[in-house]
Amino acid sequence: MMQVPEARDIAPRLATGAFILNSGLTKWGADQETADAVHGMACTAYPFLSKLPAEQFTRLLAASEIAVGGALLAPFVPTRLAGLALTGFAGGLVGLYLRLPGMREPGSLRPTQNGIPLAKDTWMLGIGLGFLAAPSSSRTRRCPIPFAARCARGRRHHCHR
């Protein structure tokens, strides 16, 4: 049985998913100059990425964005699973913001003018964490009473009828 997202999750899933999917589709066909710029910025924050060629890194990043965006937009993907993907992806972007020089005011988390495009990724991290922390749907919540339990009148508990 397919479980659709809770009503409270639809708007943030649509907005965030569309944003990330668009970013991935845009990067998918990136030219060499764009790939070099994206790769260079990522390598500054995460030096181990310098082992990958710029085009390969940009293609992998684009595929990741397409996958995360698609997961958020697909109603059959559980919100917690989509939230896990979003949290991991956004965590990497927030790490980029925190590690790149010139993105923050000295000694502060406040962004510089150049840091605003990266600092705004914190909203995606917040949405992902919110999806992970949300209570389970009442339809999937387990009954706290064991299956064989009977009420005082000898009938099975209402969850087990």
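Let's start at Thr-58, which sits in helix H3, spanning residues 54-73. Helices here are DSSP runs of H or I with at least four residues, strands are runs of E with at least two, and numbering goes from the N terminus. Everything below describes a predicted model, where local features need pLDDT of at least 70, side-chain atom pairs count only at pLDDT 80 or more, and totals for chains, interfaces and linings use all residues. Residues are numbered from 1 along each chain as its sequence is written, and side-chain values use heavy atoms, with hydrogens and water left out.

Back to Thr-58: its relative accessibility is 2%, so it counts as buried. For reference, buried is under 20% relative accessible area, exposed is over 50%, and partly exposed is in between (1.4 Å probe, protein chains only). If you skip the neighbours within four places in sequence, Thr-58 touches Lys-27, Ala-30, Ala-35 and Val-38, a contact being heavy atoms within 4.5 Å.

Arg-59 lies over the face of Trp-28, 3.9 Å from the ring centre. That label requires NZ of Lys or CZ of Arg within 6 Å of the ring centre and within 35 degrees of the ring normal.

Now for the aromatics. The whole structure holds 2 aromatic pairs. One of them joins Phe-19 and Trp-123, edge-to-face, at 5.7 Å centre to centre and 75 degrees between the planes. Phe-19 belongs to helix H1 (residues 7-28) and Trp-123 to helix H6 (residues 122-133), so the pair ties together parts 104 residues apart in sequence. Rings of Phe, Tyr and Trp (its six-membered ring) pair if their centres lie within 6.5 Å; planes under 30 degrees apart are stacked, over 60 edge-to-face, and the rest tilted.

Here is how accessible three of these residues are:

| Residue | Relative accessibility | Class |
|---|---|---|
| Thr-58 | 2% | buried |
| Phe-19 | 39% | partly exposed |
| Trp-123 | 32% | partly exposed |

Zooming out, the chain has 6 helices and 0 strands. Of its 161 residues, 34% are buried. Among contacts between residues at least 6 apart in sequence, 61% join residues at least 24 apart.

How confident is the predictor? The chain averages a pLDDT of 87, and 83% of the residues score at least 70; pLDDT is the predictor's confidence in each residue, from 0 to 100. Confidence is highest in H3, at a mean of 97, and lowest in helix H5 (residues 116-119), at 89. Where pLDDT is low, the predicted coordinates should not be read in detail.
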